[in-house]
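Here is a friendly briefing on a few helices and some backbone details. Please have the sequence and the 3D view open as you read.

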Amino acid sequence: MNINELKPARVFEQFAKINAIPRPSKHEEKMIDYLKQFGKTHGLETEIDETGNVIIRKPATKGMENKPTVILQSHMDMVCDKLVDVDIDFMNDAIQTYVDGEWLTAKGTTLGADDGIGCAIELAILDSDDIEHGPIECVFTRDEETSLTGAMGMKSGFMKGDMLINLDSEDEGQIFVSCAGGKTSTARFNFTREAAPEGMFFMEISIKGLYGGHSGDDIEKKRANAIKILDRFLYKEQEKMDLRLVSFNSGKMHNAIPRDGKVVFAVPTAEKETVRADWNVFTADVEDEFHVSDTAMEFHLESADEAPVLPKTVSRNFILAIQGVDNGVFAMCQDEALAWLVETSSNVASVATSDNEITVVASHRSSVMSNLENQANTVKAVFLLAGAKVEESDGYPAWKMNPNSKLVEVAVASYKKLFGKAPIVKGIHAGLECGLFSERYPNLDMVSFGPTLRGVHTPDERLLIPTVQMVWDHLLDILKNVEK
């Protein structure tokens, strides 16, 4: 079975077209042009704001003119990640998809269903002439995955609707009514390289095959973080012997748990066999520690070429900082009804080494803005003590639940009617653009839902095909029955 045979056909037809369009975060120009042409071809009012967000407005079907204007919103960019041995140019090549049982996935890359499937649903509605709905505004934001640039740059008045349905959630049967806020910290260790001391032996250690995942949705699942794992070994060896870093590289995206990494370092030649023996013991212990969450991890150690090293103080302080910095869940929600939900967390997301700098990126999330600030400050303090320079992003706000939401009421009633069971209404420990919308449009009634996705932000990303039909049916029923 190929993608053209999947149901609902009109949605997967649009998804196939979208996945032929390169759209990495911050490089959505081709997708913007496609949407602009789509609106023009269909004779629909289309507007592009200064940031690059696109809105396409469709009038109500006959007899539905008095319905509230509903905004359907998705982001057009995608996380571009791939397996090491996959050859793809994300700036020019299409995503290659295939059906695996009930799942749609891609050949060694991210699938782009986050949030291409939301965009496809919107375009399928815009393309239709047989769906009952009131006035609709279909909004496609840019650069959601790296810094929420689109939503952050959207000015009040661009959207004119009364209610908003965000189609960027990943668990069918769950309706999200709140989300965490977030902030990113970047620490830089500057240095001038020097020749290694006499009698040093150079080694390379690496790890791959970790499960990774979304740093919000998956942070509570105790999945291994490649950066933290590699540094744990360096810390242990550094306590025993003179160890000098050459390079440390791991992770790509600020919102993904790093899946692989590689470190080059030097130790006294007399200690090389000690390092090999310690590595064997260490890796066995780590495999046992993560035997539930990460079952396919691979470790490698080999000799490396001689190279200039970091000054001893910088090398040591960097290793100490990565060992000491918070990673994972910091606090759970205090409200009894939400005790299962992560309140505050951090993810050490990437480390990159250049000739004279090591850059570390860490992301923080919280549904309590004061604790978000505290968590960011905690991470900042560790890096400052280690001698790094630290910059912080402006961040984005949390989206607070509206207890009087008419949209939630109709979404829940619709789901019960269609599927004979109640949906789960909950918050999410991830950033949704709804948080920023709530600042600029404080009276906007919002919900978020979508089909089931797994492995997002990784080459394991996959879409559960039957849930797309369920979300499609649910959305159309809401549009038909929603009232002011």
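Which elements do the buried residues of α2 pack against? They pack against α1 (9–18), β1 (45–48), β2 (54–58), α3 (113–127) and β6 (136–141). This is a predicted model, in which local features need pLDDT of at least 70 and side-chain atom pairs count only at pLDDT 80 or more, while totals for chains, interfaces and linings use all residues. Residues are numbered from 1 along each chain as its sequence is written, and side-chain values use heavy atoms, with hydrogens and water left out. Helices (H or I, at least four residues) and strands (E, at least two) are DSSP runs, numbered from the N terminus.

- Helix α2 covers residues 29–41, which is 13 residues, and spans 18 Å from its first C-alpha to its last, close to the expected 18 Å at 1.5 Å a residue. That expected span is 1.5 Å times one less than the number of residues.
- Met31, Ile32, Leu35, Phe38 and Gly39 are the buried residues in α2. They line one face of the helix, because they fall within an arc of 125° when seen down its axis. The arc is taken from the directions from the helix axis to the C-beta atoms.
- Buried means under 20% relative accessible area, exposed over 50%, and partly exposed in between (1.4 Å probe, protein chains only).
- On the face of α2 turned away from the buried side you will find the exposed residues Asp33, Lys36, Lys40 and Thr41.

**Gln14, a buried residue in α1**

- Gln14 sits in helix α1 and counts as buried because its relative accessibility is 2%.
- Setting aside neighbours within four places in sequence, Gln14 is in contact (heavy atoms within 4.5 Å) with Tyr34, Phe38, Ala120, Leu123, Ala124 and Asp127.

**Two helix pairs**

- Two packed helices are described by the angle between their axes and the distance between the axes. Axes are lines fitted to C-alpha atoms, for helices over the stretch in contact, and angles run from 0 to 180 degrees between N-to-C directions.
- α2 and α3 pack at about 15°, with axes 11 Å apart. They are therefore roughly parallel to each other. Angles under 35 degrees count as roughly parallel, over 145 as roughly antiparallel, 65 to 115 as roughly perpendicular, and the rest as oblique.
- Here Tyr34, Leu35 and Phe38 of α2 meet Leu123, Leu126 and Asp127 of α3.
- Helix α10 (residues 406–419) packs with helix α12 (residues 465–481) at an angle of about 125°, the axes being 9 Å apart. That makes α10 oblique to α12.
- Among the residues making this contact are Leu407, Val410 and Tyr415 of α10, and Met470, His474 and Ile478 of α12.

**Backbone details to look at**

- Most residues other than glycine have a negative phi, and most peptide bonds are trans.
- The Lys7 to Pro8 peptide bond is cis, with omega near 0°, and Pro8 lies in the segment before α1.
- The bond from Asp114 to Asp115 is also cis, with omega near 5°; Asp115 lies in helix α3.
- Lys26, in the loop between α1 and α2, has a positive phi near 75°. At 44% relative accessibility, Lys26 counts as partly exposed.
- His457 has a positive phi near 70° and lies in the loop between β20 (453–454) and β21 (462–464). His457 counts as buried, at 3% relative accessibility.
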